[in-house]
Amino acid sequence: MKQRGRHRRRRRGRALRGALAGTALALTAAATMISASQATVADAPGALKPVSVSAEAGRLPLAEHRVPAPWLDRLASKMGRPVGVRTVLDSADRTLRNAAGCPAAEKHTLPVEPAATRAYCFGGADTRGWRPGAVTTSGDADDDGRWGGNRVILSGWTRGGTEGGSMDGPAPEQGLAKVAFVDANAPDRLRYTWALLAVPVDGGRDYRGLVSPLSGMVWYQDKLLVTTREGDRDALYVYDMDRIQRATVDSGAVGRVRGGWAAYGYRYVLPAVASYALPGGDDVPRPAAVSLDRSTSPDSLVASEWVPADGDRRTRLWRYPLSRDPARSGLLATDPSGHADPVEAYESKTTDVRGVLAYRSGWYLDRAAGTPGGHGTLWRQDTEGARATECATDETRHCWSGRSGSLSYWEETGELWSQSGRTLFAVPLASADRALDRSTDE
């Protein structure tokens, strides 16, 4: 029996099946130490501007390429039978610290308004030299919030680069991307272990590490979709959560080594099963942040590009429908030629967007902090206007997490998950909306 939940469509608006764990954490005091330089209200982005998906600004077809099945089968025949998420969770040998045990510097980066209701941090020794990035959960994977009966959080990290730096990511020689598989069944004791992301090469006789900053990541059904770096024609790589391979040699190498297979010292490696390539040409935009929207029919993947704060153009947003074909579980819907086309596109004046989320009519954009050690801004935009959370202390809009990360909505619990530096945190989406509704419409 496969270790995954069956994807079921339940009625929208059903009651949440569990109360949110705990109340707002006693972290606001640490998080409100905002510098005077941040008190200036940022320029409001105004309403989203719809653009035609057939026009140059909104058109972004992605060509699907599947890794040949013989390649994957050959790799499995050499490495051993693939395992699923349950096996990985059973071997979780590291523990995330609860908020009370996190360093003050980490707690300082948490949102000021609304306050996090849950927060956990990774240890420095386990993540030193790695840059935190994307987050997704079993709330994305299945609409009952579980995968094979388990609550799971995935946290993506990239080797090299500087935390909070450019979305371009590390140089190829720094590279490598890994994912923490977090067992979230016991809210007071989250355990995790690592898996390396890889790409099969040489007909499946070997694999290389994925060299990419994990700025966006979505786990949908049995597939994990992750963003890739500038300069790579592939916009997204796809991984099969039922095709996780065990490394057999504890080595800092990656791929086939003398005596077996290595994954940079980690126990597990995921070989890519597909990718989505960008069209050719100069100045083609690319998705930098992605998330899942279950409020549409069919479910959809939304994406935003990264435009620097001093950029002279608007940030583009796209929506792609996900396939309803059981034989294409977890993949984007494609036309007969194998292209995935957006069904919606918008432009936003918000720049330096590090996380995007769409739910019902609102688009939530996580704008990075403008200063080191500062806080970012959470905007909610639609075609009517824009609102940002405001801090009660000085009415600044710099109230969101300091080291911005991707956004992921766990619909079954009502929680919005993100990552700030080494800290994973959750905020009820209802609390974020209340904070946004109290702000001034722009």
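User: How do S12 and S13 pair, and over how many bridges?
Analyst: They pair in the antiparallel sense, over five bridges. Strands count as paired if DSSP finds at least two bridges between them. Strands here are DSSP runs (E, at least two residues) and helices are runs of H or I with at least four, numbered from the N terminus.
User: Before we go on, what are the ground rules?
Analyst: This is a predicted model, where local features need pLDDT of at least 70, side-chain atom pairs count only at pLDDT 80 or more, and totals for chains, interfaces and linings use all residues. Residues are numbered from 1 along each chain as its sequence is written, and side-chain values use heavy atoms, with hydrogens and water left out.
User: Back to S13. Which residue is the bridge partner of Lys 223?
Analyst: Asp 240, in S13.
User: What about the turn in that hairpin: which residue takes a positive phi?
Analyst: Gly 231, with phi near 95°. The hairpin has six residues between the strands.
User: Which strand do five bridges join to S13, running antiparallel?
Analyst: Strand S17, residues 268–277. There, Ala 274 is the bridge partner of Val 238.
User: How many residues of S13 are buried?
Analyst: Seven of its seven, across residues 234–240. Buried means under 20% relative accessible area; exposed is over 50%, and partly exposed is in between (1.4 Å probe, protein chains only).
User: New topic. Where are the cis peptide bonds?
Analyst: One joins Glu 113 and Pro 114, with omega about -5°. Pro 114 sits in the loop between helix H4 (104–108) and strand S5 (118–121). Another joins Ser 297 and Pro 298, with omega about 0°. Pro 298 is in the loop between strands S18 (289–293) and S19 (300–304).
User: Why flag those?
Analyst: Because most peptide bonds are trans, and most residues other than glycine have a negative phi.
User: Last one. What does Ser 304 touch?
Analyst: Its contacts (heavy atoms within 4.5 Å) include Arg 286, Trp 318 and Val 356, not counting residues up to four places away in sequence. Ser 304 lies in strand S19 and is buried, with a relative accessible area of 0%.
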